Amino acid sequence: MKAGIVGLPNVGKSTLFNCLSNAKAQSANFPFCTIEPNIGVVNVPDPRLQKLEELVNPERVMPATVEIVDIAGLVKGASKGEGLGNQFLANIRETDAILHVLRCFNNDNIVHVDGSVDPIRDKETIDIELQLKDLDTVEKKLDKVKRAAKTGNKEAQKEEAVLLKLKAGLEAGKSVRAIEFTEEEDKEFVKPAQLITDKPVMYVCNVDEGAAVNGNDYVNQVKEAVKDENAEVLVLAVGTEADITELDDYEERQMFLADIGLDEPGSAKLIRSAYKLLNQQTYFTAGVKEVRAWTINIGATAPQAAGVIHTDFEKGFIRAEVIGYNDYIEYGSEAKVKEAGKMRVEGKSYVVKDGDVMHFLFNV
């Protein structure tokens with residue numbers, strides 16, 4: 001599962017990517033600096049993992065990860081192939097969620113591709129290009145489906161109605177995620193179409209250091225503009241975050257954060273939010289060899305969770321021994337949890353909860 005960082009050129013995408021991944025994507029004050037999409041595998045900050053490590057004292061600790069892709073800056077006309085448009089759109093189509101970076105700071109030394117700072121205009125520029133690309137996809141589908149619908153094919157007629165609704169919404173300047181469908185329509189026709197503006201989105205407002213805690217007028221404008229989109233807005237001083245990641249000493253980093261009024265780096269919040277945006281959650285395995293966070297989709301069953309470790313675990317699944325995270329912390333060890341009768345035995349239909357500590361029994 002991948003989250004793609006998108007935005008106009010020079011809004012701070014590559015600097016943000018560098019903060020998140022500690023990979024040094026080229027970052028320069030001109031458009032199209034990032035040509036090939038940079039991919040970083042980022043650890044998900046999770047204090048629960050540290051607690052389990054303290055209790056179990058394992059040989060190694062393995063956190064959950066999320067994949068972040070830094071995609072080339074988009075410009076007007078991208079849907080028609082302007083700039084690196086075709087490449088951008090192909091790269092973004094392959095991601096599962098969008099982190100849309102908006103410039104919400106003034107700085108005369110950093111050029112803006114449109115000559116002035118206006119995050120709402122910038123957002124609309126990208127929205128329009130993505131909507132136009134989706135409209136093109138929908139119209140092509142519609143041409144095929146209409147022929148089948150005319151023959152009286154009931155499924156084709158249902159799909160045609162959904163595609164016409166998509167077309168009308170996109171033409172009215174709506175992203176697919178803001179168009180209302182029944183659950184059945186969404187599952188049967190909208191999701192399989194893999195439209196770009198149907199992907200979940202988080203708006204990252206890139207501010208200067210003084211606005212890192214409370215935001216600014218630009219951020220307020222963004223929050224107002226996206227209030228009907230069911231999207232999260234995160235405020236991040238990307239330049240400051242970059243300075244923090246350059247510090248090797250943990251104490252120095254904490255002092256830097258305290259000076260600007262933050263209790264943790266904003267990048268940590270962003271990674272956790274991206275993880276949720278991708279509809280993912282964590283369960284743990286805890287033993288003396290390894291304490292590990294495993295990534296599963298929200299709603300996964302016990303056999304599906306077992307399959308993340310190895311496909312044989314899913315095929316031969318018998319049962320799972322499950323300890324709630326809070327119980328593990330309260331009693332301090334697996335043995336004490338068992339003594340207290342707090343370990344549960346769950347079968348194939350069990351839906352895993354975020355933070356479960358699990359042990360699988362299987363037979364192949």
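**Reading a predicted model, feature by feature**

Guide: Phe-284 is buried, and Tyr-325 is buried as well; please keep in mind, as we go on, that this is a predicted model.

Visitor: How should I read a pair of aromatic rings?

Guide: A pair of aromatic rings is described by how far apart the centres are and by the angle of the planes. This structure holds four aromatic pairs. In the pair of Phe-284 and Tyr-325, the ring centres are 6.3 Å apart and the planes stand at 40°, so the pair is tilted.

Visitor: Which residues do ring pairs link into a cluster?

Guide: The cluster joined by ring pairs is made of Tyr-283, Phe-317 and Phe-360.

Visitor: Over which ring does the charged end of Arg-103 sit?

Guide: The charged end of Arg-103 sits over the ring of Phe-105, at 4.5 Å from its centre. Arg-103 lies in strand 5, which covers residues 97-103. A polar atom of the Arg-103 side chain is 3.2 Å from the backbone oxygen of Phe-105, and a polar atom of this side chain is 3.1 Å from the backbone oxygen of Asn-107. Elsewhere, Arg-292 lies over the face of Trp-294, 4.1 Å from the ring centre.

Visitor: What do nonpolar side chains tend to do in soluble globular proteins?

Guide: In such proteins, nonpolar side chains tend to be buried together. Here the largest nonpolar core has 64 residues, and those with the most contacts inside it are Leu-16, Ile-68, Leu-99 and Leu-270. If we leave aside its neighbours within four places in sequence, Ile-68 is in contact with a set of residues including Ala-3, Ile-5, Phe-17, Leu-20, Val-42 and Leu-99. Another core lies apart from this one and has 17 residues, among them Phe-189, Val-190, Ala-193 and Leu-195.

Visitor: Which elements do the buried residues of helix 11 pack against?

Guide: The buried residues of helix 11, which spans residues 302-309, are Ala-302, Pro-303, Ala-305, Ala-306 and Gly-307. They pack against strand 8 (280-286), strand 9 (290-297), helix 12 (311-315), strand 10 (317-323) and strand 12 (357-362). Gln-304 is found in helix 11 too, and its side chain reaches the backbone nitrogen of Thr-301 at 2.8 Å. Not counting residues up to four places away in sequence, Gln-304 touches Gly-299 and Glu-314. The C-alpha atoms of Gln-304 and Phe-317 are separated by 9.4 Å, although the two residues are 13 residues apart along the chain.

Visitor: How many helices and strands does the chain come to?

Guide: The secondary structure comes to 14 helices and twelve strands. Among the contacts with a separation of 6 or more, 68% are between residues 24 or more positions apart.

Note on methods:
Residues numbered from 1 in each chain as written. Predicted model: local features only at pLDDT ≥ 70, side-chain atom pairs only at ≥ 80, totals over all residues. Heavy atoms only, no water. Helix = DSSP H or I, 4+ residues; strand = E, 2+ residues; numbered from the N terminus. Contact = heavy atoms within 4.5 Å. Buried < 20%, exposed > 50% of the residue type's maximum accessible area, 1.4 Å probe, protein only. Phe/Tyr/Trp six-rings, centres within 6.5 Å; stacked < 30°, edge-to-face > 60°. Lys NZ or Arg CZ within 6 Å of the ring centre and 35° of its normal. Core = buried A, V, L, I, M, F, W, Y, C linked by side-chain atoms within 4.5 Å. Polar contact = N/O pair within 3.5 Å; in protein donor to acceptor, adjacent residues only side chain to side chain.
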